[in-house]
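User: I have a model open here and would like to go through it. Can we start with a helix?

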Amino acid sequence: MNRSILLLGGMGIIILVLLYIYVSVPSPKKRIVKPKVITAGRPKISTTIYSIYSLTKLLVGDKVEVVLLLPSGVDTHHFEPGPATIENAQNSRLILSIGHGIDPWANKVSQALNIKILPTDQGISLIQYEDKTTDPHYFLSLKNMAIMATFITSILQSEFPSDTQFFQLRSNEIQTRLKNLDTEITEQMKKVENKNIATLHDAWGYLARDYGINIVGSLEPEGRDITPKELVSLLESIKKYNVKVVFSQPAYVGATLEKFARENGLQVVYISPIESQGSRNDDVIRIFENNMQTIIKALH
């Protein structure tokens, strides 16, 4: 009997303890899962090289996100897009390109994501090399930039009709900047007597056409290595036209070019091809202006 009483007493204590725990310890709160709020961001456009990227940025303001696909400091002629480039271009409405062999890698991005690609050369008088291929460096010209700006504006207005007036106002402002700078440079170039130059890379034909500069030859004619026969002809032209300057770009700094210049009494001057993003992040018009001031100073 005593054992039964003890057993019942022990069970009673256990029940009391369990009841205390149940009452004292708060029940866990239910986790309320809030639905994800998906906010629509700005529409997106991808661009291949810095000149188009910068010009498009000037046109769109904060209305459209503009992506530069070419990594900083990389040569567009040798670039191959990887997974990071594809990811960067994802959700873009379109890709603006130069075309004519300067950014062929853009086609791979376009095909991978099924995004339309639009070259920006419409309405431009293109220069043909002797081998019948097209000089793709039409963006190195203020006059051509104005044509490109008009074309890009029309694309923006078509893609985003609600901001048509905004894009037109921005385009008008850029056209004024381009025209004023072109007029200023034209007047400055009139004071330059010897406009004969040589270049490393054959990229400055449109600039030369705009301002009456005579390029007697290039060490990389039409983007390829110079032949021995062409080199002899280039040296003869350098002497004939009293060339004092050979223009190159920062990516092509090297002992070979410096040696060639030194042996032929030439000064090497570096100007930006406005293809890859530089460290200063200047807009394309300002970079072109800096290029021209460097050229004019070197020719005086």
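User: Where do the coordinates come from?
Analyst: This is a predicted model: local features need pLDDT of at least 70, side-chain atom pairs count only at pLDDT 80 or more, and totals for chains, interfaces and linings use all residues. Residues are numbered from 1 along each chain as its sequence is written, and side-chain values use heavy atoms, with hydrogens and water left out.

User: Which residues of H10 are buried?
Analyst: Among them are Ile285, Phe288, Met292 and Ile296. Buried means under 20% relative accessible area, exposed over 50%, partly exposed in between (1.4 Å probe, protein chains only).

User: What is Phe288 in contact with?
Analyst: Leaving aside neighbours within four places in sequence, its contacts (heavy atoms within 4.5 Å) include Leu140, Met145, Ile185 and Tyr211.

User: Switching to strands. Is E5 (residues 196-201) buried or exposed?
Analyst: Mostly covered: 6 of its 6 residues are buried.

User: Which strands does E5 pair with?
Analyst: Pairing needs at least two DSSP bridges. E5 runs parallel to E6 (residues 214-220), with 5 bridges, and parallel to E7 (residues 245-248), with 2 bridges. Asn196 stands opposite Asn214 in E6, and Ala198 has Val246 in E7 as its bridge partner.

Terms used: Helix = DSSP H or I, 4+ residues; strand = E, 2+ residues; numbered from the N terminus.
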